[in-house]
Amino acid sequence: MDSATFPHIQGVRFLVGARSMTQLPTTGFPEIAVAGRSNVGKSSLLRTLVNQRSLVRVSRTPGRTREVNFFLLESKDLPPLHLVDLPGYGYASVPRSLREDWGDFVSRYLETSAALSLVLLLIDARREPGELEAQFADWMQGRGVRVQVVVTKIDQVPKTQWGQVEARIRAVFGNRLPRCIFYSSLKSIGNEDIWRKIKVAVNPGPVDPGSGDRGPADKAGP
Ligand SMILES: Nc1nc2c(ncn2[C@@H]2O[C@H](COP(=O)(O)OP(=O)(O)OP(=O)(O)O)[C@@H](O)[C@H]2O)c(=O)[nH]1
Ligand SMILES: [Mg+2]
């Protein structure tokens with residue numbers, strides 16, 4: 001799959017910055033959400049993925065994305081879908097009341113959206129993945145949503161150490177999740193891998209046994 005030609009994007013536009021359940025889009029298009037700590041590179045990933053520098057505001061100061069931002073992506077190769085930029089979590093200096101507000105709404109959205117097809121869970125290559133990430137992945141998988149770990153800012157780590165980064169991720173998530181994707185907005189690394197996951201998530205066909213994907217259909221409990 002050539003990242004320059006897949007998908008053939010016809011249009012991407014900002015739909016809404018939702019702060020409450022009543023503001024969520026109602027079209028039912030599949031949703032691809034980007035989650036992770038503040039400053040991990042969520043907004044950067046989205047604008048690199050769709051190749052539109054001006055699309056999503058990138059933070060100069062962490063904690064900048066405050067709404068659940070919905071973008072409509074139309075392409076020749078995929079059904080219309082929503083890309084969803086979530087507020088970062090774990091940003092300590094945001095006033096507690098605001099954090100709780102966002103938390104409530106964001107949690108309710110993540111818990112209840114029937115259209116949520118895939119969550120890209122971003123982890124900074126230079127940070128240890130923690131309990132928050134593990135809990136988040138369990139929560140999403142528990143409700144049948146695919147989770148893909150994306151290791152961001154991989155340009156900051158020499159290639160000889162990528163194996164160690166992957167081992168640290170595996171130590172936290174074990175085999176519950178498919179292999180992580182290494183990503184860099186700066187160097188445009190990993191876009192193809194992400195599009196491949198999105199394609200599978202919005203067109204769930206038979207599961208490729210080699211892919212390590214654990215979608216809702218193949219997630220039989222013990
Ligand atoms: N070196 C490097 N820096 C990056 C990369 N992606 C993002 N950054 C930088 O990381 C900072 C945060 O990026 P954002 O995309 O705004 O992060 P975010 O997760 O959306 O942040 P919040 O909206 O605050 O939660 C910015 O200064 C970016 O320039 C990358 O691939 N490599
Ligand atoms: Mg952001």
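A residue is called buried if 20 or more other C-beta atoms lie within 10 Å of its own, exposed if 12 or fewer do, and partly exposed in between, with the C-beta atoms placed from the backbone. S188 has 14 C-beta neighbours inside 10 Å and therefore counts as partly exposed. The structure is a predicted model, in which local features need pLDDT of at least 70 and side-chain atom pairs count only at pLDDT 80 or more, while totals for chains, interfaces and linings use all residues. Residues are numbered from 1 along each chain as its sequence is written, and chains are lettered from A and ligands numbered from 1 in the order in which they are written.

**Overall layout**

- The protein chain has 5 helices and 7 strands, where helices (H or I, at least four residues) and strands (E, at least two) are DSSP runs numbered from the N terminus.
- Followed along the sequence, these elements give the pattern β-β-α-β-β-α-β-α-β-α-β-α.
- Of the 222 residues in the protein chain, 34% are buried.
- Two residues are in contact if their C-beta atoms, placed from the backbone, lie within 7 Å; among contacts with a separation of 6 or more, 74% join residues 24 or more positions apart.

**Strands around β5**

- Two strands are said to pair if DSSP finds at least two bridges between them, and by this rule strand β2 (residues 31-36) pairs with β5 in the parallel sense over 6 bridges.
- Within that pairing, I32 has L118 of β5 as its bridge partner.
- Strand β6 (residues 146-152) also runs parallel to β5, to which 7 bridges join it, and R146 in β6 is the bridge partner of L118.
- Between β5 and β6 the chain passes through helix α3 (residues 131-142), and this β-α-β crossover is right-handed, a term that applies if, with the strands pointing away from the viewer, the path from the first strand over the helix to the second runs clockwise.
- β5 itself is mostly covered, with 8 of its 9 residues buried.
- S113 lies in the loop between α2 (96-112) and β5, and it counts as partly exposed because it has 19 C-beta neighbours inside 10 Å.
- Although S113 and E31 are 82 residues apart in sequence, their C-alpha atoms are 8.7 Å apart in space.

**The antiparallel strands**

- Strand β1 (residues 9-18) and strand β3 (residues 68-75) pair in the antiparallel sense over 8 bridges, and here A18 stands opposite V68 in β3.
- β3 is also joined by 5 bridges to strand β4 (residues 81-85), which runs antiparallel to it, and F70 stands opposite V84 in β4.
- β3 and β4 form a hairpin, with 5 residues between them.

**The nonpolar core**

- A nonpolar core is a set of buried Ala, Val, Leu, Ile, Met, Phe, Trp, Tyr and Cys residues joined through C-beta atoms within 7 Å; the largest one here has 43 residues, of which L120, L121, V150 and V151 touch the most other members.
- Strand β5 (residues 116-124) supplies the largest share of this core, namely 7 residues.
- Leaving aside residues up to four places away in sequence, V151 touches I123, A125, V165, I169, C180, I181, F182 and Y183.
- In soluble globular proteins, nonpolar side chains tend to be buried together.

- The expected span of a helix is 1.5 Å times one less than its number of residues, so the 12 residues of helix α4 (residues 162-173) should span 16 Å, which agrees with the 17 Å between its end C-alpha atoms.
- Just after α4, G174 takes a positive phi of about 55°.
- Helix α5 (residues 191-202), with 12 residues, should likewise span 16 Å at 1.5 Å a residue, and its end C-alpha atoms are 17 Å apart, which agrees.
- The buried residues in α5 include N191, I194, K197, I198, V200 and A201, and what covers the buried residues of this helix includes β2, α1 (42-49), β5, β6 and β7 (181-182).

**Loop residues with positive phi**

- Most residues other than glycine have a negative phi, and most peptide bonds are trans.
- N39, although not a glycine, has a positive phi of about 80°; N39 is placed in the loop between β2 and α1, and it is partly exposed because 19 other C-beta atoms lie within 10 Å.
- S188, which is not a glycine either, has a positive phi of about 55° and is placed in the loop between β7 and α5.
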